[in-house]
Amino acid sequence: MKITIDEPKCLASGQCLLIAPEVFDQRDEDGMVALLTETPEPGLHQAVRESALACPAAAIHLAES
């Protein structure tokens, strides 16, 4: 799995961070989402999928391998 963020669409709501803090963070300067890893370990894939579904801006895109 590879994660990409469409930053112009991001609303900085933090939903992804609440669901998968091992993968997502928020930048201090603007509150936008920051990836801690673009390719999470398999054990985190379900949380990443849930984060993508919970994103109110649909700014999280997943490429399954």
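H45 is in contact with M1 and P40, its neighbours within four places in sequence being left aside. This histidine lies in helix α2 and is buried, at a relative accessible area of 14%. The model discussed here is a predicted one.

**Helix α2**

- Helix α2 covers residues 45–54.
- Its buried residues are H45, A47, V48, S51 and A52. They lie on the same side of α2, because the arc they cover around the axis is only 160°.
- An α-helix has 3.6 residues a turn, so residues three or four places apart point the same way.
- The elements against which the buried residues of α2 pack are β1, α1, β2 (24–26) and β4.

**Overall fold**

- Two helices and four strands make up the secondary structure of the chain. Read from the N terminus, the order of the elements is β-α-β-β-α-β.
- The chain is as compact as a globular protein of its length, because its radius of gyration is 10 Å, close to the 11 Å that the globule rule gives for 65 residues.
- The C-alpha trace spans about 30 × 20 × 15 Å along its principal axes.
- Of the contacts between residues at least 6 apart in sequence, 55% join residues at least 24 apart.
- Buried residues account for 34% of the 65 residues of the chain.
- The accessible surface of the chain is about 3,900 Å², and carbon and sulfur atoms hold 53% of that area.

**Nonpolar core**

- In soluble globular proteins, nonpolar side chains tend to be buried together.
- Here the largest nonpolar core comprises 17 residues. Those with the most contacts inside this core are I3, I5, V23, F24, V33, V48 and I60.
- Strand β1 and helix α2 each supply at least two residues of the core. Helix α2 gives the most, with three residues.
- V33, one of the residues with the most contacts inside the core, is in contact with I5, C10, C16, F24, D25, Q26 and R27 when its neighbours within four places in sequence are left aside.

**Cysteines**

- Which residues does C10 contact, leaving aside its neighbours within four places in sequence? They are M32, V33, A57 and A59.
- C10 is found in the loop between β1 (2–5) and α1 (15–19). The residue is buried, because its relative accessible area of 15% is under the 20% cut-off.
- C10 and D30 are 20 residues apart in sequence, and their C-alpha atoms are 11 Å apart in space.
- How many disulfides are there in the model? The count is zero.
- C16 is in no disulfide, and the nearest cysteine sulfur, that of C55, is 6.6 Å away.
- The sulfur of C55 has its closest cysteine sulfur in C10, at 6.4 Å, which is too far for a bond because a disulfide requires the two sulfur atoms to be within 2.5 Å.
- Is C16 buried or exposed? C16 counts as buried, at 10% relative accessibility.
- C55 is likewise buried, with a relative accessible area of 16%.

**Alanines with positive phi**

- A12 has a phi near 60°, a positive value in a residue other than glycine. A12 is found in the loop between β1 and α1, where C10 is also placed.
- A12 is partly exposed, because its relative accessible area of 29% falls between the cut-offs of 20% and 50%.
- A58 also has a positive phi, near 55°, and is a residue other than glycine. The loop that holds A58 lies between α2 and β4 (60–63).
- At 39% relative accessibility, A58 counts as partly exposed.

How values were computed: Residues numbered from 1 in each chain as written. Predicted model: local features only at pLDDT ≥ 70, side-chain atom pairs only at ≥ 80, totals over all residues. Heavy atoms only, no water. Buried < 20%, exposed > 50% of the residue type's maximum accessible area, 1.4 Å probe, protein only. Contact = heavy atoms within 4.5 Å. Core = buried A, V, L, I, M, F, W, Y, C linked by side-chain atoms within 4.5 Å. Rg over C-alpha atoms; globule rule 2.2 N^0.38 Å. Areas by Shrake-Rupley, 256 points an atom, 1.4 Å probe, with all protein chains shown as cover. Arc of directions from axis to C-beta.
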